[in-house]
Amino acid sequence: NMVMEYLGHTDMVRSISVDRTGQYLVSGSDDGTVKVWCVNTGRCMRTIHIDGSIIRCVEWTPSAALSLILVAAGTKVLLINPKLNDDSVTSSKTDSVLSEAPAMKPVMSASVQRTVQWSEPEEEEYKRGYRLVITHFKEVTQATFHGKGDYFATVMPDAQNRSVLIHQISKRRSQLPFSKAKGLVQKVLFHPREPLLFVATQRHVRIYDLLKQSLVKKLLTSAKWISSMAIHSGGDNLLVGTYDRKML
């Protein structure tokens, strides 16, 4: 039986994420809004309007020290502080941390500089909760945090060899983890404990060592097109979903 229903979006919901405490749910929709819900009551705590964009992906930070949501909409990735009333201390700390620009300008290669730009939000955007804006040169379909919350990865399937980027919030810099993408990248995931990155193309999942920047393993699937991935918190088991209605 259905226990709870969260009503409020006026179009397709493409992405949801639960915060680390299990108290709040964030959802992103084709109606151009991000909504934050109370899990237990189903009440919408906050609605954030994203100008003229379909929300492809939302994800709550895994960091207990910050109040932060990662949002992929169009060519932009937004770091948003939802500013929940019962979390004012963490919310204020988040604003303080993100307002501190790096002492030195981050060093990024020319290729990365042509691919992505970091910027501060406009005044009206800041009032809505925007804290940092990372603009990509192609549409972003996924954004996902590393387990510690300072790094996150983004996916641009149409960007060929620049389809995957890894970003560091504290230093406001981005990097390309590998020079060539083998296949059309669909999803990426960080390993929860090891410096590994799982990269799913249409039919395969490749595991890369981020420190050595080398391929560790290639997982073959019987899928026609991979749609999603999830990894167990222990890092030993990987779940793969497909558009041809298989769970691997």
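Which strand gives the largest share of the lining of the largest pocket? Strand 18 does, with 6 residues.

## Basis

This is a predicted model: local features need pLDDT of at least 70, side-chain atom pairs count only at pLDDT 80 or more, and totals for chains, interfaces and linings use all residues. Residues are numbered from 1 along each chain as its sequence is written, and side-chain values use heavy atoms, without hydrogens or water.

## Largest pocket

The largest pocket holds about 1,100 Å³ of space. A pocket is an open set of points on a 1 Å grid over the protein atoms alone, where a 1.4 Å probe fits, with protein on both sides within 12 Å along at least five of seven lines. Lining residues have an atom within 4 Å of a point. The volume is the space filled by probe spheres set on the points.

Lining residues number 39, and Glu59, Gln142, Thr144, Leu189 and Met229 are the closest to the pocket centre. By class, 21 are nonpolar, 12 polar and 6 charged. Strands (DSSP runs of E, at least two residues) that each supply at least two lining residues include strand 1 (13-18), strand 5 (55-60) and strand 18 (226-231). Domain 1 (13-180) and domain 2 (182-247) each give at least three.

## Helix 1

Helix 1 covers residues 88-99. At 1.5 Å a residue, its 12 residues should span 16 Å, and its end C-alpha atoms are 16 Å apart, which agrees.

Thr90, Ser91, Thr94, Asp95 and Leu98 are buried (under 20% relative accessible area, 1.4 Å probe, protein chains only). Seen down the axis, the buried residues of helix 1 fall within an arc of 140°, so they line one face. On the other side, Val89 and Ser99 are exposed (over 50%).

Notes:
Helix = DSSP H or I, 4+ residues; strand = E, 2+ residues; numbered from the N terminus. Nonpolar A, V, L, I, M, F, W, Y, C, P; charged D, E, K, R; others polar. Domains from an automatic or database assignment. Expected span 1.5 Å × (residues − 1). Arc of directions from axis to C-beta.
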